[in-house]
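Reader: I would like to go through this model with you, one topic at a time. Shall we begin once it is on the screen?

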Amino acid sequence: ITRMSDLELRGKRVLIREDLNVPIEDGRITSTQRLDAALPTIKAARDAGAKVMVLSHLGRPKEGQFDAESSLAPVAKWLGGKLGAPVRLVADYLGGVDVAEGEVVVLENCRMNVGEGKDDEALSKKYAALCDVFVMDAFGTAHRAQASTHGVIRFAPQVAAGPLLWAELDALGKALEQPAHPLLAIVAGSKVSTKLTLLDNLTAKVDQLIVGGGIANTFIAAAGYGVGNSLYEPDLVEAARKVMTEARRRGAEVPLPVDVVVAPEFSANASATVKPVDAVKDGEMILDIGPETARRYAELIAGAGTVVWNGPVGVFEFDAFGKGTETLAHAIADSKAFSIAGGGDTLAAVDKYGIADKISYISTGGGAFLEFLEGKELPAVAALKARANS
Ligand code: 3PG
């Protein structure tokens, strides 16, 4: 794959697809993580003398109409502040855009364009006609085969991977393809059903697999313990058992909690009780791992060579049920392992426990991060490879 840094950009019209899909409340951006990650790419293109057009989606507006709530206006404003020069938001751009050398403009939300979602060829060609060089840098959207992430790559005069996309692929590849062992993965979240492919793929690679949240509850049920009123998936107990058996057959450890924190209801003020995993009663809900389990998991993390973290192990939004996640977060922060964290809830936990600068790599991908861990080829990356080989 050609990289943006391999190309001469001076005077060229450079269209950069970023994932600037950030949470916005009342017109204010509430997390700039993705913007911070994209900024160096945009600056590099500007400093190289390119005519820079930044393309992104935001949310999921309906195609063919303007939706003020999904406008990239707050993002353009933010970028202007960071670049020290106003950044124009161009609404009508499919027929061509005037941009000066060293100028940066933002093109309005590409999901308002008819054909974006279904990877329409005519729209892909229009994007391609805007530029001399198309740079794919939106790792967070690389799992979508859409006109601005996939189709355009077939038709743009020149294409390249941007530094952010490259860094993501490099870090994730390092963690999964050539990991320092032991490779430990933490996969947590509410449902086994949404992460079954991920669990299946990881069993073939990891040395230790720690599960948490509703996923762990289904595993606890599979191990034959009662889970009371806990969130779990009875239909997936058999699947969970298979994951455990398969992982162990391949020599991986799948430790289960020895103690848990239970409560009579799901609420911030519910009374929390620590008990052995085999003592959960009807009506009780498991909302966190217990302290002994957290201690054991932290020990495994301390001994790991690589840690891949997706999902909090308890209901960490409620302080009474956040200790497990907090202990693991600090264990990851203190470990010498190459560590990767990704996914919305995980990043919220990373923020809450203030360990962002102690993680080796924080992915900007949600769905894309998961699909990479599932072992799927991301369509945007496949398209870049196809162009590189043609
Ligand atoms: C994300 O937030 O995961 C990406 O921006 C992709 O968004 P989408 O799920 O709406 O395609």
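Predicted model: local features only at pLDDT ≥ 70, side-chain atom pairs only at ≥ 80, totals over all residues.

Reader: Turning to the overall layout, what does the domain assignment give?

Author: The assignment gives two entries: domain 1, covering 4-163 + 378-389, and domain 2, covering 181-336.

Reader: And how far apart do the C-alpha centres of domain 1 and domain 2 lie?

Author: The C-alpha centres of domain 1 and domain 2 are 38 Å apart.

Reader: Now helix packing. At what angle do the axes of H6 and H8 cross?

Author: Helix H6, residues 192-203, and helix H8, residues 237-249, cross at roughly 15 degrees, and their axes come within 10 Å. H6 is therefore roughly parallel to H8.

Reader: Is the crossing of H6 and H8 left-handed or right-handed?

Author: The crossing of H6 and H8 is left-handed.

Reader: Which residues meet there?

Author: From H6, the residues are Val192, Leu196, Leu199, Asp200 and Thr203, and they meet Ala239, Ala240, Val243, Glu246 and Ala247 of H8. By class, this contact of H6 with H8 has seven nonpolar, one polar and two charged residues.

Reader: H8 also packs with H7. At what angle?

Author: H7, residues 213-222, packs with H8 at an angle of about 85 degrees, and the two axes are 8 Å apart. H7 is therefore roughly perpendicular to H8.

Reader: Which residues make that contact?

Author: H7 contributes Thr218, Phe219, Ala221 and Ala222, while H8 contributes Val237, Ala240, Arg241 and Met244. Six residues in the contact of H7 with H8 are nonpolar, one is polar and one is charged. Ala240 of H8 takes part in the contact with H7, and Ala240 also takes part in the contact with H6.

Reader: What about H9 and H10: how do their axes cross?

Author: The axes of H9, residues 291-302, and H10, residues 323-334, cross at roughly 20 degrees and come within 9 Å. H9 and H10 are therefore roughly parallel to each other. Their crossing is right-handed.

Reader: Which residues of H9 meet which residues of H10?

Author: In H9 they are Pro291, Ala294, Tyr297, Ala298, Ile301 and Ala302; in H10 they are Lys323, Gly324, Thr327, Leu328, Ala331 and Ile332. The contact of H9 with H10 has nine nonpolar, two polar and one charged residues by class.

Reader: Where does Asp26 lie?

Author: Asp26 is in the loop between strand E2 (24-25) and strand E3 (28-29).

Conventions. Residues numbered from 1 in each chain as written. Domains from an automatic or database assignment. Axes fitted to C-alpha atoms, helices over the stretch in contact; angles between N-to-C directions. Helix = DSSP H or I, 4+ residues; strand = E, 2+ residues; numbered from the N terminus. Parallel < 35°, antiparallel > 145°, perpendicular 65-115°, else oblique. Left-handed = near helix turned anticlockwise from the far one by under 90°. Contact = placed C-beta atoms within 7 Å. Nonpolar A, V, L, I, M, F, W, Y, C, P; charged D, E, K, R; others polar.
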